[in-house]
Amino acid sequence: MTRIDRPVRPRRIRFGLRFSRTVAIGSALVIALTACSGDGSAPQSGAAGKRKAAKAPVWRTNPRSIAALGDSITVGFDACTVLSDCPQVSWATGTDPKVDSLARRLVKRPATHSWNLARTGALMRDLPDQITAAADRKPELVTVLIGANDACRRDVGSMTPAGAFRADFARSMKYLRRKLPHTQVYVAAVPDLLRLWSEGRKNPLGKQVWKLGICGSMLRDPDDLTKAAHDRRAEVRDRVMAYNTALAEVCGTDPLCRFDKSVFDYRFTGRQLSTWDWFHPGTGGQKELAELAFRTVTRPGRSS
């Protein structure tokens, strides 16, 4: 009988199946290892990746224009003549070389590229109107020194609540950023009103002027050293400190904003106070404010 051999199964087919299965397993391992490498997150692409790669804004120490916002301190109230503004000695935009204002130090053409838009008596809630005026000029730097009038009221019960102050400043900063998206902002702390009381009360003339009603919450009855008077002044100081906390925290959320606490910490003496009311900064005080601002604005690095 003739033997019929069984057909031989092609071995290459078996090899091919093994090879394909091996490649598939290997590919799966490569994908799994790739997914698990690094921090475990999927690779970013598109807009999200671009946002992550974008650099944070860098603070420029040489702005070419300045707009000053704020209250009586920034317009030099009582620095030259009694009960009058004196913007030429303003720490921010003044032209008097004795003060050497921030604008004189930083801006090449301060006469045409700096603007004082502050208003005597302004409260924090008035800041948006000043921002509107600044937006028309498109400054590279805006300075803000405001808040003393929110604490300097007839009595402590009339002071602006800390929560309202924070909300007003936050809204103002959002508004400023919409109007001036690339402008840098220097925010000075509200000065220590208790320190100004302790220095100004040393002058008999100053105490007479205070009777006209300047900052009644702090300066009323300046020689009253009873516990009630002490508590009243402490309440005003606490409110100012709460204002400064709000200024620092709101400013801290903006990459192009710098808060300067040194204005509160600076130990002003009678030599820096107005000789008309012994409360507002005189020419010497304006010069010190200009120096403090210059140090903060020209500090290298990012805004924070």
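This is a predicted model: local features need pLDDT of at least 70, side-chain atom pairs count only at pLDDT 80 or more; totals for chains, interfaces and linings use all residues.
Trainee: Why is Leu 180 called buried?

Mentor: The word buried is used for a relative accessible area under 20%, and because the value for Leu 180 is 3%, this residue is counted as buried.

Trainee: Which residues is Leu 180 in contact with, leaving aside its neighbours within four places in sequence?

Mentor: Contact requires heavy atoms within 4.5 Å, and beyond those sequence neighbours Leu 180 is in contact with Ala 135, Lys 138, Pro 139 and Val 142. The C-alpha atom of Leu 180 is also separated by 9.8 Å from that of Thr 132, although these two residues are 48 places apart along the chain.

Trainee: What makes the link of Cys 80 to Cys 86 a disulfide?

Mentor: The rule asks for two cysteine sulfur atoms within 2.5 Å, and the S to S distance for Cys 80 and Cys 86 is 1.8 Å, so the pair meets it. By this rule the count comes to three disulfides, and, with the bonded cysteines numbered in sequence order, the pairing is 1-2, 3-4, 5-6.

Trainee: Is Cys 80 buried, partly exposed or exposed, and which of these words applies to Cys 86?

Mentor: The limits are under 20% for buried and over 50% for exposed, with partly exposed in between. Cys 80, at 29%, is therefore partly exposed, whereas Cys 86, at 2%, is buried. The torsion about their S-S bond is about -65°, so this disulfide is left-handed.

Trainee: What makes the pair of Arg 166 and Glu 249 a salt bridge?

Mentor: Side chains of opposite charge can pair when their charged atoms come close. The cut-off is 4 Å between a side-chain nitrogen of Lys or Arg and a carboxyl oxygen of Asp or Glu, and the closest N and O atoms of Arg 166 and Glu 249 are 2.7 Å apart, so the pair qualifies. This pair links distant parts of the chain, with Arg 166 in helix H7 and Glu 249 in helix H11 (residues 227-252), 83 residues apart. Arg 166, at 32%, is partly exposed, as is Glu 249, at 44%.

Trainee: What separates Asp 231 and Lys 227 in helix H11?

Mentor: Being four residues apart in helix H11, they are separated by about one helical turn, and their side chains meet in a salt bridge at 2.7 Å, N to O. Lys 227, at 61%, is above the 50% limit and therefore exposed, while Asp 231, at 35%, is partly exposed.

Trainee: How many salt bridges does a search of the whole structure find, and which residues are linked in a network?

Mentor: The search finds 17 salt bridges, and Asp 100, Arg 104, Arg 105, Glu 291 and Arg 295 are linked in a network of them. Within this group, the side chains of Arg 105 and Asp 100 meet at 3.6 Å, which is within the 4 Å cut-off.

Trainee: Why do strand E2 and strand E5 stand at the edges of the sheet?

Mentor: The open sheet has five strands in the order E2-E1-E3-E4-E5, with parallel pairing. Strand E2 (114-116) and strand E5 (257-260) each have a single partner strand, so one side of each is left without a neighbour in the sheet.

Technical notes. Residues are numbered from 1 along each chain as its sequence is written. Side-chain values use heavy atoms; hydrogens and water are left out. Buried means under 20% relative accessible area, exposed over 50%, partly exposed in between (1.4 Å probe, protein chains only). Helices (H or I, at least four residues) and strands (E, at least two) are DSSP runs, numbered from the N terminus. Two strands pair if DSSP finds at least two bridges between them.
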